[in-house]
Amino acid sequence: MTGEEEGWPGRVRPDPSMTPEALTPETLVRLLAEPDRMRVLAAIALGAHTPDLVVRASGLSARTAVAALHKLTGQGLVVTDDDGLRVAYGTLRELSRDTAAAPSADPAGEADRELRPFLRDGRLIRFPAQQQRRLAVLRRIAGSSFAPEQRYDEATVDDRLRTWCADGEVDHVTVRRYLVEAGLLCRANGVYWASLASPPQPGPAERYVTAMGLD
């Protein structure tokens with residue numbers, strides 16, 4: 001079997017007629033509950049980087065292997081690059097992190113459990129992709145770093161945020177910008193102060209002034 005024979009010129013592509021589902025723990029389980037797909041995924045994980053090699057390693061017919069590959073690539077679990085087919089381990093790691101960050105059904109300590117994958121021992125590990133969780137992380141940082149209505153110069157703000165960012169994925173400048181954008185840290189004339197209540201959303205004029213760096 002070759003890529004040309006199966007309609008894959010040069011590299012494997014998802015079936016364009018298929019609408020991919022968001023990859024969740026449930027969809028992942030359903031995807032791999034089919035033995036043919038599991039065999040194809042295992043073959044690729046063990047180094048089968050072309051459709052021909054997948055057929056040989058999996059012991060499946062060409063038609064069955066093609067169908068499984070289309071499903072796996074359509075879900076983003078298998079991708080292609082210059083070296084051919086490979087398992088999208090990055091997608092699986094992201095799914096694992098998001099699953100660990102999911103809120104527990106137990107209400108006791110729910111907020112701390114939600115933030116644990118992102119905040120650990122007074123350090124910011126990474127920002128969550130989900131907006132409400134990101135805001136919760138920012139609120140925790142602001143509430144732990146700045147006293148309400150007390151004034152700080154930029155050097156002091158940066159020093160306090162550097163402590164959060166040590167050995168993490170995010171730098172203190174990014175955290176400071178997110179705090180300002182969320183309205184948790186206010187700024188005027190080089191002076192900062194905490195405001196744990198988010199302000200009203202700015203209008204067009206205010207957004208224009210900010211975008212031009214005139215605030």
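Helix H4 has 13 residues and runs 18 Å from its first C-alpha to its last, close to the 18 Å expected at 1.5 Å a residue. The expected span is 1.5 Å times one less than the number of residues. Helices (H or I, at least four residues) and strands (E, at least two) are DSSP runs, numbered from the N terminus. The model is a predicted one, in which local features need pLDDT of at least 70 and side-chain atom pairs count only at pLDDT 80 or more, while totals for chains, interfaces and linings use all residues. Residues are numbered from 1 along each chain as its sequence is written, and side-chain values use heavy atoms, with hydrogens and water left out.

Which residues of H4 are buried? They are Ala65, Val66, Ala68, Leu69, His70, Leu72, Thr73 and Gly74. Buried means under 20% relative accessible area, exposed means over 50%, and partly exposed lies in between (1.4 Å probe, protein chains only). The buried residues of H4 pack against helix H1 (25-32), H2, helix H3 (51-58), strand S1 (78-81) and strand S2 (84-87). Just after H4, Gly76 takes a positive phi of about 80°.

One of these partners can be followed in detail. The axes of helix H2 (residues 35-45) and helix H4 (residues 62-74) come within 9 Å and cross at roughly 80°. Axes are lines fitted to C-alpha atoms, for helices over the stretch in contact, and angles run from 0 to 180 degrees between N-to-C directions. H2 is therefore roughly perpendicular to H4. Angles of 65 to 115 degrees count as roughly perpendicular, those under 35 as roughly parallel, those over 145 as roughly antiparallel, and the rest as oblique. On the H2 side the contact (heavy atoms within 4.5 Å) is made by Asp36, Arg37, Val40, Leu41 and Ile44. On the H4 side it is made by Thr64, Ala65, Ala68, Leu69, Lys71 and Leu72. The residues of this contact divide into 7 nonpolar, 1 polar and 3 charged. Here Ala, Val, Leu, Ile, Met, Phe, Trp, Tyr, Cys and Pro count as nonpolar, Asp, Glu, Lys and Arg as charged, and the others, Gly among them, as polar.

Next come the cores. A nonpolar core is a set of buried Ala, Val, Leu, Ile, Met, Phe, Trp, Tyr and Cys residues joined through side-chain atoms within 4.5 Å. The largest has 24 residues, of which Val175 and Leu179 touch the most other members. Two or more residues come from each of helix H7 (131-145), helix H8 (154-165), helix H9 (172-181) and strand S7 (191-194). Apart from its neighbours within four places in sequence, Val175 is in contact with Leu124, Phe127, Leu138, Ile141, Leu161, Cys165 and Val170. A second, separate core of 21 residues includes Ala43, Ala48, Leu72 and Leu95.

His172 is also in helix H9. His172 counts as buried because its relative accessibility is 16%. Beyond its neighbours within four places in sequence, His172 is in contact with Asp158, Leu161, Arg162 and Cys165.

Two loop residues remain. Asp121, in the loop between strand S3 (119-120) and strand S4 (123-124), has a positive phi of about 55° although it is not a glycine. Asp121 counts as exposed, at 73% relative accessibility. Asn189 lies in the loop between strand S6 (185-188) and S7, and its phi is near 55°, a positive value in a residue other than glycine. At 80% relative accessibility, Asn189 counts as exposed.

For the protein as a whole, the secondary structure comes to 10 helices and 7 strands. Of its 215 residues, 33% count as buried.
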